[in-house]
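Work through the exercises below with the sequence and the model side by side, and try each task before reading its solution.

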Amino acid sequence: MNKFLFSERLSARRKECGYNTQYALAEEYNKRFPSSRKNRKEENAENSSGILGTIKHYENGNYSGSPKLDIVDNLCKILECDVDYLLGNIGCKKHDIQFIQDQTGLSETAINKLCEIKIISEVIGYNEIDLNTINLLLEEMEHGENNIIHAISTYIRSIGLSEDIHYFPDNGKLYKKKIISSEINSICISAKSNIFDNLLLMDIQKHLINLKNNLKKTPNSKKAPDTN
């Protein structure tokens, strides 16, 4: 176990969960997991020999002792993360999120946002249309590079590129000038030009219109938001 990583993650996660001080976390720990020896002085959060002292030791990367599994497990329940995250065995805070990330390449933040949208949709019936649209955009990617997400990606990546980057309208791809052969007759446009941005935005709008028209033709299809 990397003790420095453990201490860094414990401290960072504590603050992320709103426990700005070690005392605040110790106080919550004693509320959630009262000791059978709760009347003993050392169990008070204010006393450094109790859980407060333990948290101070754990957040000190130079602490020579080894964290106790039961205490770490309890801390993880409060901080809403898996033990393996604090121990440095996984990069995401929970195993299920780590699995999704490994399978899809999505960031932990993106996965959590999707989970939030789903929860809101189920609890109060709000954001369902956004969830349906996300599904639609991902399902549409089956058509290869000719899809709206690729068009958006190309537009985002184009910002700030050098003039040596050019865009080919016929295939929607970016190329460096040095690899453009004289035999290629396709029109290429500088990534710095306004025309380039307008072409990409028109391409994105075209994809949106096609998606909307396909939805109208498909019976029982999920509705996407109006793009007008």
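**Exercise 1.** Which helices each supply at least two residues of the lining of the second largest pocket?

The model is predicted, so local features need pLDDT of at least 70 and side-chain atom pairs count only at pLDDT 80 or more, while totals for chains, interfaces and linings use all residues. Residues are numbered from 1 along each chain as its sequence is written, and side-chain values use heavy atoms, with hydrogens and water left out.

Step 1. A pocket is an open set of points on a 1 Å grid over the protein atoms alone, with protein on both sides within 12 Å along at least five of seven lines, and its lining residues have an atom within 4 Å of a point. By that criterion the lining consists of R13, E80, K93, K94, D96, I97, E108, N112, C115, E116 and I119.

Step 2. With helices taken as DSSP runs of H or I of at least four residues, numbered from the N terminus, the two contributors are helix 6 (95–104) and helix 7 (108–124). Helix 7 gives the largest share, 5 residues.

Step 3. By class, the lining holds 3 nonpolar, 1 polar and 7 charged residues, and the space in this pocket comes to about 320 Å³, a volume being the space filled by probe spheres set on the points.

**Exercise 2.** Describe where the buried residues of helix 2 lie and what they pack against.

Step 1. Taking buried as under 20% relative accessible area (1.4 Å probe, protein chains only), the buried residues of helix 2 (residues 22–32) are L25, A26 and Y29.

Step 2. Seen down the axis of helix 2, these residues fall within an arc of 100°, so they line one face of the helix; the arc is that of the directions from the helix axis to the C-beta atoms. An α-helix has 3.6 residues a turn, so residues three or four places apart point the same way.

Step 3. With contact meaning heavy atoms within 4.5 Å, the buried residues of helix 2 pack against helix 1, helix 3 and helix 4 (69–79).

Note on methods:
1 Å grid on protein atoms, 1.4 Å probe; cavity = no way out; pocket = protein on both sides within 12 Å on 5 of 7 lines; lining within 4 Å. Nonpolar A, V, L, I, M, F, W, Y, C, P; charged D, E, K, R; others polar. Buried < 20%, exposed > 50% of the residue type's maximum accessible area, 1.4 Å probe, protein only.
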